[in-house]
Amino acid sequence: MDPIAFRLGPLAVHWYGIIIVVAVLMAAYIASLEARRRGQDPDHVWNALLLCLILGIIGARLYHVFSSPRGGMQGWEYYRQNPIAILQIWRGGLGIYGAVAGGVLGVYIYARLNKLNFLQWVDIGAPGLILAQAIGRWGNFVNQELYGYPTNLPWGIPIDPPYRISPYDDLSVYPPSTRFHPTFLYESLWCLLGFVILMYVARRYADRLLDGDIICLYAIWYPLGRFFIEALRPDAWLIGGIPAAQIFAVISIVISSAIILYRHRRARLSVEPSVEEEVISKGKE
């Protein structure tokens with residue numbers, strides 16, 4: 001598939017960019033529906049969108065630029081010598097953890113400026129965020145990037161030689177017919193399932209949830225899938241021999257789970273009368 005969708009004179013419009021724009025608009029639309037359902041002004045979603053988008057792209061790009069992936073993929077060593085390439089995001093290279101961090105920072109700044117409940121608004125945005133990830137991963141398919149190890153599974157995908165990383169660019173060992181794990185598809189389906197789960201939980205258990213629970217659930221669900229998917233990728237950025245995304249996934253899962261358990265336990269204790277209070281109350285009766 002040609003990465004360029006069409007041209008307007010000298011301007012090339014890439015499928016990657018179109019897919020990202022569609023993903024962002026869908027995220028904002030879902031968030032506006034969630035805001036309205038919660039009795040909040042959906043206009044805040046669209047007003048905050050540009051700030052969150054700018055900071056999200058900056059965060060995503062910085063995560064990628066400062067990485068050191070395997071297989072000869074572009075990372076810090078490349079960008080250090082070719083700084084102008086940092087701006088060429090249409091060629092791919094956006095790290096989701098950086099994007100989420102930047103987007104959340106955007107929500108925080110907007111909420112502070114407009115005196116809104118930050119935790120409530122990141123909860124509102126979380127389902128749309130994971131849906132956007134499910135859509136956005138198809139940009140990796142168009143760019144033939146972020147694929148997995150070779151596989152004989154029937155859903156394996158071919159990767160053209162110019163897009164292959166080392167050692168899979170050696171056609172004498174890995175001929176053009178070689179197929180690879182479509183890790184973009186695995187992550188897209190995982191995120192789509194996560195979207196369904198977040199939307200269901202947000203509605204089914206609305207009376208039991210605390211502000212911040214949905215974003216914490218996102219921070220458990222997405223990293224859980226990413227932890228296993230990362231093991232299939234030969235281009236992983238390593239820290240101490242371990243894929244960085246797996247390290248961040250474990251940290252996110254542990255912290256988010258602890259936050260949910262701690263906050264709900266504290267909330268439960270604050271409404272349950274102590275044994276001493278019950279004795280005193282019965283004595284008065």
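Me: What share of the contacts in the protein chain with a separation of 6 or more comes from residues 24 or more positions apart?
Reply: The model is predicted: local features need pLDDT of at least 70 and side-chain atom pairs count only at pLDDT 80 or more, whereas totals for chains, interfaces and linings use all residues. Residues are numbered from 1 along each chain as its sequence is written, and side-chain values use heavy atoms, with hydrogens and water left out. A contact requires heavy atoms within 4.5 Å. Among contacts in the protein chain with a separation of 6 or more, residues 24 or more positions apart account for 71%.

Me: How many helices and strands are there in the protein chain?
Reply: Helices (H or I, at least four residues) and strands (E, at least two) are DSSP runs, numbered from the N terminus. The C-alpha trace of the protein chain spans about 90 × 40 × 35 Å along its principal axes. Within the protein chain there are 10 helices and six strands.

Me: What percentage of the residues of the protein chain count as buried?
Reply: Buried means under 20% relative accessible area, exposed over 50% and partly exposed in between, with a 1.4 Å probe and protein chains only. Of the 285 residues of the protein chain, the buried part is 42%.

Me: Are α1 and α5 roughly parallel or roughly antiparallel?
Reply: Axes are lines fitted to C-alpha atoms, for helices over the stretch in contact, and angles run from 0 to 180 degrees between N-to-C directions. Helix α1 (residues 15–37) packs against helix α5 (residues 118–136) at about 150 degrees, with the axes 8 Å apart. Angles under 35 degrees count as roughly parallel, over 145 as roughly antiparallel, 65 to 115 as roughly perpendicular and the rest as oblique. The angle therefore makes the relation of α1 to α5 roughly antiparallel.

Me: How many nonpolar, polar and charged residues does the contact of α1 with α5 have?
Reply: The residues of α1 that meet α5 include I19, M26, I30 and E34, and those of α5 include W121, G125, L131 and I135. Ala, Val, Leu, Ile, Met, Phe, Trp, Tyr, Cys and Pro count as nonpolar, Asp, Glu, Lys and Arg as charged, and the others, Gly among them, as polar. By class, the contact of α1 with α5 divides into 16 nonpolar, three polar and one charged.

Me: Is the crossing of α5 and α7 left-handed or right-handed?
Reply: The axes of α5 and helix α7 (residues 183–204) are 8 Å apart, at an angle of about 160 degrees, so α5 is roughly antiparallel to α7. A crossing is left-handed if the near helix is turned anticlockwise from the far one by less than a right angle, and right-handed if clockwise. The crossing of α1 and α5 is right-handed. For α5 and α7, the crossing is left-handed.

Me: Are α8 and α9 roughly parallel or roughly antiparallel?
Reply: The axes of α8 and helix α9 (residues 244–271) come within 8 Å and cross at roughly 150 degrees. The crossing of α8 and α9 is left-handed. The two helices α8 and α9 are therefore roughly antiparallel.

Me: How many aromatic pairs does the structure hold?
Reply: Rings of Phe, Tyr and Trp (its six-membered ring) pair if their centres lie within 6.5 Å; planes under 30 degrees apart count as stacked, over 60 as edge-to-face and the rest as tilted. One aromatic cluster is formed by Y63, Y97, Y218, Y222 and F248. The number of aromatic pairs in the structure is 15.

Me: How many residues apart in sequence are the parts that the pair of Y97 and F248 ties together?
Reply: The ring centres of Y97 and F248 are 5.9 Å apart and the planes stand at 75 degrees, so the pair is edge-to-face. Y97 lies in helix α4 (residues 96–113) and F248 in helix α9, so the parts tied together are apart in sequence by 151 residues.

Me: Is A236 buried or exposed?
Reply: A236 is found in the loop between α8 (213–230) and β5 (238–239). Because the relative accessibility of A236 is 0%, this residue counts as buried.
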